Amino acid sequence: MCTVCGCGTASVEGHGHEHGHGHHHHHDHGHDHDHDHTHGHGCGCGHHHHHPHHGDTHYGTGAAGTSVPGMSQSRLIEVETAILSKNDGYAAENRRLLAALGAFAVNLVSSPGSGKTTLLCRTIRELHDAPLAVIEGDQQTALDADRIRATGARALQVNTGKGCHLDAHMVGHAIDTLRPRPESLLFIENVGNLVCPAAFDLGEDAKVAILSVTEGEDKPLKYPDMFTAARLALINKVDLAAACEADLAAYEANLRRVNPAIAILRVSAKTGEGMADWLGWLRGGLAAKAHPRAAE
C-alpha cells in the first residue's frame, strides 16, 4: 500500500547480490542488466489533498495524514513505516556506493511538463565531456532515455508501470548496470509527480525540484512536501514568464514559505538563462563529494 499518497499499492522488493564496487544490494529477483527495467508499483496517485473549505472533502486528516477505505490510521502508519524503512535501507546502500565513488547524485523531481528532460539534455551538452550517467524514470516508453542518449550520455530507462515514483531498489539495479565512473555526476530523472517522490530517498545527494512558470505561483503551496524535501528549486521556462504573466517573485516567496532554506535559480533551457549558475551548482556539489576534505 502506497500510504504516502493514500492510493494503490507499492512494494520495495528484495534479494541479495554484490555490486561491482564491493557494494552489497539486497533484492529478491534477478534481471538481465542488458535491457531496460520494468517494475510495477500500482500507485496511481489519485487523491487530491487540500485544506477543507466550504464543505470540501479533505482526506489528509488523521495521524497517517491520509485515508484509505477499510484501513485504520494505525494500520496505515504501520504499512507506510514498513515500506519506507525497507526503501531507506536500499537508499543507504546506494549512498555508500556513490560516496565510495565520489559520485554526486541528483534526483530531479517535478510535475509532468515542467521541461526537466529538455533542461537535462541542455545541461549534458553544456557539461561537454564531464563524466556522467542518467537514470530515466517513466511509467511507460523509453522516449526520454532515447533523448538523453542522443546527447551522447549513457542512460538507462526504468519503467514503473502503474507506479508513480522511483524507489531506491530500482535505482540500485540501475546503478549496477550503469556503473557510474568515479568522481562523476549521476542524474536521476524521477517520474513526473509532485507527491510520492518526496517521501522516497533514492540515496541521492540532493533533490532538485523543477518548477516551470506555466504551472502557477501557488504550486509550492499545493505540494509542500516536495519543495520542503528539495535542496534546490529551478524555476524553468523563464523565457515565457512575460507571456504567462508569471510573477517570479511570488514563485520564490512561496518556495521559501514552505522551505526557508531552499536555494532558487531561474533558468531557461531554451535561451540558456541561468545555466551558468546551475552548472556551477552541479560542479560545486561534485567537487565537495569527490574531495570532501578540500571542501571543509
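Author: What follows sets values against definitions, one label at a time.

Author: This is a predicted model, in which local features need pLDDT of at least 70 and side-chain atom pairs count only at pLDDT 80 or more, while totals for chains, interfaces and linings use all residues. Residues are numbered from 1 along each chain as its sequence is written, and side-chain values use heavy atoms, with hydrogens and water left out.

Reader: What is the mean pLDDT of the protein?
Author: The mean is 82, and 71% of the residues reach 70 or more. pLDDT is the predictor's confidence in each residue, from 0 to 100. Over residues 6-52 the pLDDT is below 50. Where pLDDT is low, the predicted coordinates should not be read in detail.

Reader: How many helices and strands are there?
Author: The protein has 10 helices and 10 strands. Both are DSSP runs, numbered from the N terminus: helices are H or I with at least four residues, strands are E with at least two.

Reader: Why is W278 called buried?
Author: Its relative accessible area is 1%. Buried means under 20%, exposed over 50%, and partly exposed in between, with a 1.4 Å probe and protein chains only. So W278 is buried. W281 has 19%, so W281 is buried as well.

Reader: And what makes K237 partly exposed?
Author: Its relative accessible area is 22%, so K237 falls in the partly exposed class. K237 lies in the loop between β9 (232-236) and α7 (241-244).

Reader: Which residues does K237 touch, leaving aside its neighbours within four places in sequence?
Author: Its contacts are G113, S114, G115, S212, V213, T214, V267 and S268. Contact means heavy atoms within 4.5 Å. The C-alpha atoms of K237 and S268 are separated by 4.7 Å, although the two residues are 31 apart along the chain. A polar atom of the K237 side chain also lies 2.8 Å from the backbone oxygen of G113.

Reader: Why is helix α4 described as largely enclosed?
Author: Count its residues. In α4 (residues 168-178), 10 of the 11 are buried, so the rest of the structure largely encloses this helix. Among the buried ones are H169, M170 and L178. D167 caps the N-terminal end of α4: a side-chain oxygen lies 3.0 Å from the backbone nitrogen of H169. After α4 comes R179, with a positive phi near 45 degrees.

Reader: How many aromatic pairs are there, and what makes the pair of W278 and W281 stacked?
Author: The structure holds 2 aromatic pairs. In this one, the ring centres are 5.8 Å apart and the planes are at 20 degrees. Rings of Phe, Tyr and Trp (its six-membered ring) pair if their centres lie within 6.5 Å; planes under 30 degrees apart are stacked, over 60 edge-to-face, the rest tilted. So W278 and W281 are a stacked pair. Both lie in helix α9 (residues 275-290), 3 residues apart, about one turn of the helix. Ring pairs join F104, W278 and W281 into a cluster.

Reader: Which residues have the most contacts inside the largest nonpolar core?
Author: They are F187, L234, W278 and W281, in a core of 29 residues. α9 gives the most to this core, with 6 residues. A nonpolar core is a set of buried Ala, Val, Leu, Ile, Met, Phe, Trp, Tyr and Cys residues joined through side-chain atoms within 4.5 Å.

How values were computed: Polar contact = N/O pair within 3.5 Å; in protein donor to acceptor, adjacent residues only side chain to side chain.
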